[in-house]
Amino acid sequence: MAVRPLAFGARLRDEGRTVSVRVNDRDARRYVVEDSGKGRKTKRRDHTSLGGALKDLAKTWRGRLQ
């Protein structure tokens with residue numbers, strides 16, 4: 001019997017900035033946080049757990065307020 005990992009993704013947008021979480025293309029047990037915006041280079045961070053990726057997403061999203 002095949003076992004598939006949970007498919008999960010999230011995307012937050014505000015004034016041309018996008019922060020997203022998705023499953024890693026190469027390893028379905030890992031997650032990627034991408035922070036992109038107009039005129040900026042996309043920052044990409046890998047995480048071994050969904051919890052870690054969501055914490056990074058929240059920290060990055062709150063950081064835009066400063």
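These are my notebook entries on what I looked up in this predicted model.

**Ground rules.** I number residues from 1 along each chain as its sequence is written, and I keep to heavy atoms for side-chain values, with hydrogens and water left out.

**Overall layout.** I began with the secondary structure, taking helices (H or I, at least four residues) and strands (E, at least two) as DSSP runs numbered from the N terminus. I found 1 helix and 4 strands in the protein chain, and along the sequence they follow the pattern β-β-β-β-α. For burial I used relative accessible area, with buried under 20%, exposed over 50% and partly exposed in between (1.4 Å probe, protein chains only). On that scale, buried residues make up 24% of the 66 residues in the protein chain. I then looked at contacts, meaning heavy atoms within 4.5 Å; among those between residues at least 6 apart in sequence, 20% join residues at least 24 apart.

**Strand pairing.** I counted two strands as paired if DSSP finds at least two bridges between them. Strand β1 (residues 10-14) runs antiparallel to β2 and is joined to it by 5 bridges, and I noted that Asp 14 has Arg 17 as its bridge partner in β2. The hairpin of β1 and β2 has 2 residues between the strands, and Glu 15 there takes a positive phi near 45 degrees. From β2 to β3 I read 7 bridges, again antiparallel. Here the bridge partner of Val 23 in β3 is Tyr 31, and Ser 20 stands opposite Glu 34 of β3. Strand β4 (residues 43-47) is joined to β3 by 5 bridges, and these two strands run antiparallel, with Asp 35 standing opposite Lys 43 in β4. The hairpin of β3 and β4 has 5 residues between its strands, and Gly 39 in the turn has a positive phi of about 75 degrees.

**Nonpolar core.** I next searched for nonpolar cores, each a set of buried Ala, Val, Leu, Ile, Met, Phe, Trp, Tyr and Cys residues joined through side-chain atoms within 4.5 Å. The largest has 7 residues, namely Val 19, Val 21, Tyr 31, Val 33, Ala 53, Leu 57 and Trp 61. Two or more of these residues come from each of β2 (17-23), β3 (31-37) and α1 (50-63), and the largest share, 3 residues, comes from α1. Turning to Leu 57, I listed its contacts as Ala 10, Leu 12, Val 19, Ser 20 and Val 21, not counting residues up to four places away in sequence. I also noted that β2 is mostly covered, with 5 of its 7 residues buried.

**Salt bridges.** My criterion was a side-chain nitrogen of Lys or Arg within 4 Å of a carboxyl oxygen of Asp or Glu, and the structure holds 9 such salt bridges. Glu 34 forms one with Arg 22, the closest N and O atoms being 3.1 Å apart. Glu 34 lies in strand β3 and Arg 22 in strand β2, so this pair ties together parts that are 12 residues apart in sequence. Arg 22 counts as partly exposed, at 23% relative accessibility. A salt bridge also joins the side chains of Asp 35 and Arg 40 (2.8 Å, N to O); Asp 35 counts as buried at 3% relative accessibility, whereas Arg 40 is partly exposed with a relative accessible area of 37%. For Arg 44 and Asp 46 I recorded a salt bridge with the closest N and O atoms 4.0 Å apart. Arg 44 is partly exposed at 45% relative accessibility, and Asp 46 is partly exposed too, with a relative accessible area of 42%.

**Rings.** The charged end of Arg 64 sits over the ring of Trp 61, 3.9 Å from its centre.

Conventions
This is a predicted model: local features need pLDDT of at least 70, side-chain atom pairs count only at pLDDT 80 or more; totals for chains, interfaces and linings use all residues. A charge sits over a ring if NZ of Lys or CZ of Arg is within 6 Å of the ring centre and within 35 degrees of the ring normal.
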